[in-house]
Amino acid sequence: MAPEPETPAPDLGESGSVEILEALSAAMMALDEERVLALTEEALSSGVPALAVVHSCERGMRGVGERYEQEQVYLAGLIMAGEIFRQVMVFTQPGLDLELVGTGSGKVLIGTVAGDIHNIGKNMVRMTLRSFGFTVTDLGVDVPPARFLEEARVFEPDVVGLSGLVSASYESMRHTIELIHQSTEGLGRRLPVVIGGGTIDERVCRFVGADYWTTDAMEGVRICQRLTNAD
Ligand code: B12
């Protein structure tokens with residue numbers, strides 16, 4: 001099922017804020033650590049929501065990925081992007097703690113599928129879900145399909161969330177979902193699976209047999225709220 005439109009851009013009031021956010025994306029894409037951190041501080045101190053700062057950096061990260069595909073940056077560039085983003089998260093965390101508050105009462109099992117070690121997005125989803133009141137078990141990265149099933153039986157989640165960004169791991173995502181659906185359909189109830197990650201789209205969703213997909217943590221929370229009737 002296609003996701004609803006991504007979280008609307010926050011009303012930033014002054015056009016100066018929009019300019020800061022655009023500059024922030026560009027600095028991230030250029031892997032200019034010093035400028036990213038300076039712009040993050042400037043944005044936060046001028047009242048730009050922390051979530052908008054994070055979204056802007058996410059866009060820049062996708063730009064780094066495109067530069068990697070075009071061989072303008074190498075693996076070291078991806079590593080550096082991850083490190084800069086980690087520092088941005090340290091600055092934005094207090095603001096996010098205030099902004100990301102809401103209701104949710106279900107249980108969500110999440111993890112990054114086997115063959116994939118990307119965890120920045122998954123960790124953001126975990127943090128956002130917890131801020132909204134969900135109980136989350138996070139299995140980490142490179143998680144084998146059988147491990148998801150094992151934990152699903154013990155934890156009895158309302159929703160399973162799988163993260164994956166590397167296309168080579170879509171096959172393990174498909175296998176994980178097949179195992180989860182088969183085992184829960186036998187109990188008369190299909191456990192819903194939502195997938196996420198910057199490279200996920202409708203085609204991937206259909207290939208792996210997921211119930212929902214998104215490329216946005218907040219939209220993931222809304223899906224979980226709907227599935228647990230919490231909104
Ligand atoms: C940083 C990065 C890395 C870092 C990761 C650090 C870390 N600790 O995670 C490192 C250097 C380790 C890395 C390694 C590799 N990477 Co890399 N990486 C990236 C990059 C630039 C950014 C990813 C990121 O963190 N984005 C920021 C986060 C916040 O965004 P996000 O993950 O999309 O998450 C958001 C949403 O998608 C959503 N979400 C995410 N997960 C979930 C789950 C659920 C349930 C829900 C609801 C929502 C949700 O919420 C998040 C917040 O909104 C991407 C580029 C891109 N287009 O994404 C390439 C990219 C993903 N990497 C790529 C590649 C090829 C690799 C390597 C294979 C490179 C290599 N030759 O070794 C290895 C992978 C090894 C492996 N087996 O996994 C490719 C994948 C291409 C493909 N389609 O297969 C990309 C797309 C770059 C590119 N364009 O070529 N990478």
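1. Basis. In this predicted model, local features need pLDDT of at least 70 and side-chain atom pairs count only at pLDDT 80 or more, while totals for chains, interfaces and linings use all residues. Residues are numbered from 1 along each chain as its sequence is written, and side-chain values use heavy atoms, with hydrogens and water left out.

2. Ligand shell. The ligand is surrounded by 35 residues, each with a heavy atom within 4 Å of it. E69, H118, N119, S163 and S167 are the closest. By class, the shell holds 15 nonpolar, 15 polar and 5 charged residues; Ala, Val, Leu, Ile, Met, Phe, Trp, Tyr, Cys and Pro count as nonpolar, Asp, Glu, Lys and Arg as charged, and the others, Gly among them, as polar.

3. Polar contacts are pairs of N or O atoms within 3.5 Å. A ligand nitrogen lies 2.9 Å from a polar backbone atom of G65, and a ligand nitrogen lies 3.5 Å from one of G196. For G197, a polar backbone atom is 3.2 Å from a ligand oxygen.

4. Contributing elements. Two or more shell residues come from each of α3 (50-69), α4 (75-99), α5 (120-131), β3 (159-163), β4 (193-196) and α9 (217-227). The largest share, 6 residues, belongs to α3. Helices (H or I, at least four residues) and strands (E, at least two) are DSSP runs, numbered from the N terminus.

5. Cavity lining. L51, H55, E58, L96, L100, M124, M127, T128, D216, A217 and M218 line the largest cavity, a set of points on a 1 Å grid over the protein atoms alone where a 1.4 Å probe fits but cannot get out, with lining residues having an atom within 4 Å of a point. This lining divides into 7 nonpolar, 2 polar and 2 charged residues.

Key. Polar contact = N/O pair within 3.5 Å; in protein donor to acceptor, adjacent residues only side chain to side chain. 1 Å grid on protein atoms, 1.4 Å probe; cavity = no way out; pocket = protein on both sides within 12 Å on 5 of 7 lines; lining within 4 Å.
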